[in-house]
Amino acid sequence: MKYLDKVRKQFNLNKKALRFLIGISIIGFIFGCIFILIISKTDKTLVKEYIESFVKNLNNTNYLDIFKNTMFNNLLFIIVIWLLGISVIGLPINIFYYFLKNFVLGFTCVSFVLTYRLKGCIFSIVYIIPHNIINMFLFTILVYYSLNFSVLLIYSIIKKKNINFKLIINKYIKVFLFIIIGILITGIYESFILPNIMKRLLFLIK
């Protein structure tokens, strides 16, 4: 572990990597917010229709289906990021996926505002807080360690250094399990609690 820490310090990952990821998340979110404003009127209409359909169907919510879809999407993202982290090519791909995740979140939030104006701000806030904030925190941790792993792998190849990957992979697995547990908790909230909160806000758009 001392050797691993030495390698991390050499790359200064603890600060630089986290700052980089925070920057990517902010840029991705902002781009998502801006993108919906510059798309064509036809596309904006389709977005509005989708949001209106989503809100209207809250009263017919199938909680179990939402839970299955939520967990499938999040688990797929987590597994892909985790697996790519143990490869050299995972470095750019994971950064892109992380950017895209924040982009979609920003796009979705502004979609509520575009559809319901000021009232949509309340839906956006409810949609983000707390589960999406927690999710992005968990995703940031996962991507951080995946980038860390990829960099160490590249370092060992370029410098022809032998690194005890058994110690690293054990920690990487623990991080993976921690993320899974966190996503399970937020998935329960998003599937069974959030729809009921949003139902109580339907009076705002009537």
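Let's start with the largest pocket: helix H3 (41-56), helix H4 (63-85), helix H5 (90-116), helix H7 (131-158) and helix H8 each supply at least two residues of its lining. Helices here are DSSP runs (H or I, at least four residues), numbered from the N terminus. What you're looking at is a predicted model, where local features need pLDDT of at least 70 and side-chain atom pairs count only at pLDDT 80 or more, while totals for chains, interfaces and linings use all residues. Residues are numbered from 1 along each chain as its sequence is written, and side-chain values use heavy atoms, with hydrogens and water left out.

Back to that pocket. A pocket is an open set of points on a 1 Å grid over the protein atoms alone, where a 1.4 Å probe fits, with protein on both sides within 12 Å along at least five of seven lines; lining residues have an atom within 4 Å of a point. The volume, about 1100 Å³, is the space filled by probe spheres set on the points, which are joined across faces, edges and corners. Of the 35 lining residues, Tyr50, Thr70, Asn73, Tyr127 and Glu190 are the closest to the centre. H5 gives the most to the lining, with nine residues. By class, the lining has 19 nonpolar, 13 polar and three charged residues; Ala, Val, Leu, Ile, Met, Phe, Trp, Tyr, Cys and Pro count as nonpolar, Asp, Glu, Lys and Arg as charged, and the others, Gly among them, as polar.

Now for how some helices pack. The axes of H4 and H5 come within 8 Å and cross at roughly 155 degrees. That makes H4 roughly antiparallel to H5 (the cut-off is over 145 degrees). Axes are lines fitted to C-alpha atoms, for helices over the stretch in contact, and angles run from 0 to 180 degrees between N-to-C directions. Among the residues that meet are Phe77 and Leu84 in H4 and Ile93 and Tyr97 in H5, where contact means heavy atoms within 4.5 Å.

Next, find H6 (residues 118-128), which packs against H8 (residues 165-199) at about 165 degrees, with axes 10 Å apart. So H6 is roughly antiparallel to H8. Phe123, Val126 and Tyr127 of H6 make the contact with Leu194, Ile197 and Met198 of H8, and those residues divide into six nonpolar, no polar and no charged.

Val126 and Tyr127 turn up again, along with Ile128, where H6 touches His131, Asn132 and Ile133 of H7. This contact has four nonpolar, two polar and no charged residues.

Definitions and conventions. Parallel < 35°, antiparallel > 145°, perpendicular 65-115°, else oblique.
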